[in-house]
Amino acid sequence: MLDRFYIDKEDRPYYRKAEEENVINFKNRNQKEQFLLAMAIGLENEQKRKLKTREGFFFSNYLGLEDKTLINAVAIHEYGSADILANEKEVFSIAEQYASAGIRILIDSIDKIQFGKFDKIFEKDLVEVLNRTASNELE
Amino acid sequence: MLRSGEVISKMRIERIDLQNYRQFRNVSINFDSSTKEDLHVIVADNATGKTNLLNAINWCLYGDEPHLSKDSQQLPRLNLNSLLQADEGTKVTVSVEVLTETEGNRITFKRSEDYVVHKDSNQPVLRDIDFTITYIDENKNAKWVTDEEAAAYVERFVPRDIREFFFFDGERLDTYFKSATGQQISNAMFRISQVDTLNRMSDRLEGVVNDLKREAGKRSPQIEQLRDNIEGKEKNRKEVVKQITELNGQKEEARGKIDELNERLRSIPDIEQLQTEQAQLNETSKKKEQIRNDKITEKQNMLFEFGILLKLYPSLDKSSLVIQDKVANKEIPQTYDTQLLDNIISTHHCICARRVEEGSDAERHIQKLRTDITSSSIIARELLQMIGPIEQVKKKISTFKSSLELITREIQLYEEELDGLNQKIQSIHSQIGGYNVEQIKQWYSELKNYQNIHDFNIERITSLKFAREKLDKEITDLNQDLNKALEKEAVSQKLRHQINFGNKAYGVIGEVVQTMMDRVRNDIEKETKNSFFNLIWKKETFKDVYIDDNYALHLMHSLGYECLGSVSASERQLLALSFVIALHNVSGFDSPILVDTPVARVSNEQRENLGKIFHQISGNKQLILLFLPTEYSVEISNTLDTCASSMRKLRLTEDEREIQVEVLR
C-alpha cells in the first residue's frame with residue numbers, strides 16, 4: 001500500500017484559508033478528514049485537477065475501513081468498474097485530483113457566500129442532497 | 001397689662017430695629033398690619049440677611065444664633081463697616097430691639113453688646129452685655145426688667161424649649177416629622193403642659209418621704225432593711241425609666257431616618273439586589289452560552305461528517321451495485337486455487353501428469369492466469385471489505401435528518417433561553433442606568449442599619465417595660481411590708497401617716513402629670529387634625545392624623561396606610577404648619593410665626609396651594625415669610641401679592657457689608 005496521500009503544493013493556501021474561515025468547524029478536523037471533504041466536494045461537482053507539485057498531506061495508514069471504502073468508491077465511480085481497485089496508485093491519484101479541485105470549490109463558495117452564512121447554506125444543500133438522491137432508497 | 005407668671009397671648013411683632021448687627025448696620029423693619037391679613041413678605045438673595053434676621057430675633061430673645069452659617073461664624077457680630085470705620089478705642093454698640101404688641105400693650109425686648117475697637121485686632125473686645133424688657137404696668141407706668149428676670153419674661157413670650165415651633169427654617173418644615181421629632185414634641189408638650197412645677201414637687205416629696213422612712217428605720221433594723229430595699233428598687237426604676245426614654249428617642253430617631261431614606265429611595269430600585277440578580281443572570285447566561293456553543297460545534301461536526309458521506313453517496317451506491325453484480329456472477333468470493341497454479345509453476349508438472357516446460361506456451365499461459373487471479377483477488381478483497389462500511393454509511397445517513405432536527409431544536413431552545421436572559425439583564429441594566437449606584441447602595445445599607453436599630457430598640461424597650469412593671473409590683477409589695485412593719489414596731493401613728501400620705505401624694509402627682517400631658521397631646525392632635533383637614537386641598541386623600549404614645553405624628557391615607565413618608569413636600573409642610581398652629585393654640589403662646597425659605601422644597605404646582613394656606617393662616621396669626629427670589633415664583637406671587645400687608649426686598653451694598661431694605665409695599 002502506498003504510504004501517503006498528496007495534495008498539490010498550490011492547494012496548501014486553500015486549506016489554510018478554509019481553516020481561517022473555519023466553516024463547519026474545518027480547523028478542528030484532521031488533515032485526513034479535510035482531504036476527504038475536499039474529495040467529496042470535487043466529486044459532487046465532477047471536477048478533478050491534476051497535481052503539479054506533490055506534497056505529502058497524510059499517511060495512508062490513518063485511513064479506517066470506512067475511509068478506504070469512500071476512496072475506493074470514488075475510484076469505482078470514476079473508472080466505471082471495480083477493476084481500478086487493482087491499481088492502488090491510480091485509486092489514490094483519482095482521490096487526490098478530486099480533492100485538489102474540491103478544496104478550490106469550497107474556498108470559492110466561502111468567498112461568494114455572505115460571512116457567517118456558509119454553515120446554514122451547507123446544511124440546506126445537504127438536506128436537498130438527502131431528499132434528492134438518497135431518501136427514497138434509504139427509507 | 002403684663003402680670004408676672006402670666007402667659008403672653010396673641011402677640012405680634014410691630015417692628016425690629018437692628019443696629020450694627022452683622023450686615024444690618026442701621027435697619028428698621030416695620031410689620032404694620034395694613035390689610036386684614038397679618039402677612040409680611042421679605043425677599044432676599046442667598047447670603048443677603050434673611051437667615052440673619054431669624055438669628056437676630058433669636059439673639060435678641062435668647063442670646064444665641066442657632067441658624068448661623070459657617071461663614072458668619074467666623075465674623076464678629078459687630079457690623080464690619082462699623083468696625084473698620086470706628087476710631088481706636090471707640091465704643092460701638094450692637095443691638096437688636098424687637099417691639100411687640102399684645103392686646104393693646106407694648107413690650108419691647110432689647111439685647112445689646114458694647115464693643116471697644118482696637119485697630120491692631122480684627123476682633124473687637126466685648127465690654128458689656130445688656131438685655132432689657134420694657135413694658136407698661138397696670139398703673140400705666142413704664143417699667144423695665146433686666147437679665148434673669150427679663151429672660152423669665154421671654155419664657156412667657158415664646159419659651160426657649162419650643163422656639164423652633166415659632167421661628168424656623170422652611171426646609172426644616174419639610175423634615176419636621178421625618179427626623180427625631182418625637183422627643184422634641186414630647187419636650188414641647190411637657191413645656192406646654194406646665195407640669196414642671198408638679199415634677200419639682202414630686203422630686204421634693206420623694207425626698208421628704210425618704211427622710212421620713214429613714215427616720216422610721218432608726219427604730220428597727222427590719223424597717224431600715226425594707227426602706228433600703230425600696231430606695232434601691234426606686235433607684236433602679238428611675239434608671240429603667242431613663243433608659244426607656246433614651247431608647248424611645250433612639251427608636252424615634254431611627255424611625256425618622258428610615259422614613260427619610262424610604263422617601264429618598266421611594267422611586268429608586270434596590271440596586272444591590274438588582275446587581276446580585278444581574279450577576280446571577282450573567283453567570284447563568286455564560287453557562288448557557290457555553291452549552292449553546294458546544295451544541296453549535298457538535299452540529300458543525302455533524303455537517304462536516306455527513307457532508308462527506310452524502311456527497312459521496314452516489315459513488316457508494318454505484319459501488320454497492322458493482323458488488324451486488326459480482327456476487328450475482330459468483331466472482332466474489334473467489335474460488336480459484338492459487339496454490340495449485342503456484343505448484344505447477346514451481347514443479348513444472350501439471351495435474352494431468354504432463355511436464356510443463358520452462359519457457360513453453362503452457363507455462364506462459366499458467367503464469368498469466370496466475371497474474372490475473374492475483375489482480376482479481378485484490379479487487380475481490382477490496383470489494384468484500386467495502387460491503388460492511390457501505391451498509392454502515394447507509395444506516396448513518398438514514399439518521400441524518402432526525403439528528404439534524406434534534407440538534408437544531410436544541411440550539412434554538414438555548415438561543416431562546418439566552419434571549420430571555422439577555423432581556424432580563426438589559427432590563428436590569430436600564431433600571432440601574434443613570435443612578436449613582438454607590439450612593440444608593442450606601443442609602444440601602446443605612447436603611448438596613450436603622451431598621452436594625454429600630455427593631456433592636458423596640459425589643460429593648462419591651463423588656464425594660466417588663467422590668468419596670470416588675471419593679472412597680474416589687475415596690476408596692478415592699479411598701480405594704482413596710483406599712484406592716486411600721487405598725488408592728490409601733491412607730492408613731494403620726495410618722496406612719498406622714499409616710500403613707502407622702503407615698504399617695506407622690507403617686508397622685510405622677511398620675512396628674514401623665515393626665516395633663518395626655519390632655520395636651522389629645523388637644524394638639526385634635527387641633528392639628530382640624531387645621532390640616534380644613535386647609536388641605538386634597539380632602540379625600542387622607543383619613544386621619546394622630547400622635548402616638550411616643551409623641552410621633554402619623555398621617556393616615558384614606559386607604560388605611562401610613563403615608564407621612566410618601567406625601568409631597570407641600571403636604572408635609574402643611575401638616576407641620578397645622579401642628580405649629582395647634583401647638584400655638586393649645587399652649588396659649590400665640591406668637592408670630594417666622595419662616596425662612598418657606599417653599600424652597602415645594603414644586604411650582606404646589607406653591608399656589610401653600611400660598612393660599614399662608615393667606616388663610618395670616619387671617620388669625622402674624623406670619624413673616626422670608627423668601628428667596630426664585631421661591632417667590634408666579635404661583636406664590638399670584639396668591640400673596642394682593643393679601644400681604646408689607647413686602648420688602650433686602651439688598652447688599654456694593655461692598656457687601658451692609659444691607660439696605662427696599663420697601664415694595
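The model is predicted. Chain B contains 17 helices and 14 strands. Of its 665 residues, 31% count as buried. Among the contacts in chain B with a separation of 6 or more, 76% are between residues 24 or more positions apart.

**The six-stranded sheet of chain B**

- Six strands of chain B make an open sheet, in the order β2-β1-β4-β5-β6-β7, with antiparallel pairing.
- The edges of this sheet are β2 (24–30) and β7 (142–146) of chain B, and each of these strands pairs on one side only.
- On average, neighbouring strands in the sheet are turned by 15° against each other, with direction ignored.

**Strand pairs inside the sheet**

- Strand β1 (residues 11–21) of chain B runs antiparallel to strand β4 (residues 91–102) of chain B, and eight bridges join the two.
- Within this part of the sheet, R15(B) has L99(B) in β4(B) as its bridge partner.
- Strands β4(B) and β5(B) are also antiparallel, and they pair over twelve bridges.
- The bridge partner of T100(B) is I107(B), which belongs to β5(B).
- β4(B) and β5(B) form a hairpin with two residues between the strands, and in this hairpin E103(B) has a positive phi near 45°.
- β5(B) is joined to β6(B) by nine bridges, and these two strands run antiparallel.
- Opposite F109(B) stands I133(B), a residue of β6(B).

**Helices against the sheet**

- Helix α1 (residues 50–62) of chain B lies across β1, β2, β4 and β5 (105–116) of chain B.
- The direction of α1(B) is at about 90° to β4(B).
- Helix α4 (residues 147–157) of chain B also packs on the sheet, where it touches β1, β5, β6 (125–136) and β7 of chain B.
- The directions of α4(B) and β7(B) make an angle of about 105°.

**Helices α7 and α8 of chain B**

- Helix α7 (residues 196–217) and helix α8 (residues 221–265) of chain B have axes that come within 8 Å and cross at roughly 155°.
- Angles over 145 degrees count as roughly antiparallel, so α7(B) is roughly antiparallel to α8(B).
- The crossing of α7(B) and α8(B) is left-handed.
- From α7(B), the residues N210(B), K213(B), R214(B), A216(B) and G217(B) meet I223(B), E224(B), R227(B) and E231(B) of α8(B).
- Sorted by class, the contact of α7(B) with α8(B) has five charged, two polar and two nonpolar residues.

**M517 of chain B**

- M517(B) is part of helix α14 (residues 493–535) of chain B.
- M517(B) counts as partly exposed because 17 other C-beta atoms lie within 10 Å, while a buried residue has 20 or more and an exposed one 12 or fewer.
- In sequence M517(B) and V195(B) are 322 residues apart, but in space they are 7.9 Å apart, C-alpha to C-alpha.

**The contact between chain A and chain B**

- This contact takes in 31 residues of chain A and 35 residues of chain B.
- On the side of chain A that touches chain B, the elements giving two or more residues are α2 (31–44), α3 (65–79) and α5 (118–138) of chain A.
- By class, that side of chain A has 20 nonpolar, six charged and five polar residues.

Methods: Residues numbered from 1 in each chain as written. Chains lettered and ligands numbered in written order. Predicted model: local features only at pLDDT ≥ 70, side-chain atom pairs only at ≥ 80, totals over all residues. Pairing = 2+ DSSP bridges. Helix = DSSP H or I, 4+ residues; strand = E, 2+ residues; numbered from the N terminus. Axes fitted to C-alpha atoms, helices over the stretch in contact; angles between N-to-C directions. Contact = placed C-beta atoms within 7 Å. Nonpolar A, V, L, I, M, F, W, Y, C, P; charged D, E, K, R; others polar. Parallel < 35°, antiparallel > 145°, perpendicular 65-115°, else oblique. Left-handed = near helix turned anticlockwise from the far one by under 90°.
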